[in-house]
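Me: Let's go through the salt bridges in this one. Ready when you are.

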Amino acid sequence: MTLRLAELTPENLGAAVRLPPRPGEPANVAPVVFSIAEAYVSEAAWPRVVLDDDEVVGFVMASWDPENELEAFRAGVWRLNVAEAAQGRGVGRFAVEQVAGEARRRGIDRITVLWEPGDDGPEGFYRRLGFVPTGEILFGEVVGALDL
């Protein structure tokens, strides 16, 4: 696998929107189309596709808003979607590591992520990457932080 991040383009947009979950499907994360709409109206959003060669296998959206009054929204992972066929192959880990690398390039030493609590949620994934619950709950979701 040869993974890399790329900006959204007209050429990869359709494949990104088809990543799970699709609108109306139950999931712990919003459909990519919702994330793209949010990125369109938020200057803090940093949407990227994860490519394996030229195939879209994931989507990650980070946030860079160092002046935000809530620490949980100053820098971190907003969304992460991985193609079903690519799950378990390191795509999500790669995407989060790329967000952490971008944070370091920006002089940021901590990133955050929010997850829904529950056995079928992404908590285990984020904890394996080093995120630690801060004890804060926002919008019913656990805030996790990773010191860089």
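Reply: Start with Arg 105, which forms a salt bridge with Glu 102, the closest N and O atoms being 3.2 Å apart. A salt bridge here is a side-chain nitrogen of Lys or Arg within 4 Å of a carboxyl oxygen of Asp or Glu. The model is predicted: local features need pLDDT of at least 70, side-chain atom pairs count only at pLDDT 80 or more, and totals for chains, interfaces and linings use all residues. Residues are numbered from 1 along each chain as its sequence is written, and side-chain values use heavy atoms, leaving out hydrogens and water.

Me: Where do Arg 105 and Glu 102 lie?

Reply: Both are in helix H3, three residues apart, about one turn of the helix. Helices (H or I, at least four residues) and strands (E, at least two) are DSSP runs, numbered from the N terminus.

Me: Is Glu 102 buried or exposed?

Reply: Glu 102 is buried, at 14% relative accessible area. Arg 105 is exposed, at 60%. Buried means under 20%, exposed over 50%, partly exposed in between (1.4 Å probe, protein chains only).

Me: New topic. What does Asp 54 pair with?

Reply: Arg 4, in a salt bridge at 3.2 Å, N to O. Asp 54 sits in the loop between strands E2 (45-52) and E3 (55-64) and Arg 4 in strand E1 (residues 3-6), so the pair ties together parts 50 residues apart in sequence.

Me: And which residues form a network?

Reply: Glu 71, Arg 110 and Asp 147 are linked by salt bridges.

Me: How many salt bridges is that by the rule?

Reply: The count for the model comes to nine.
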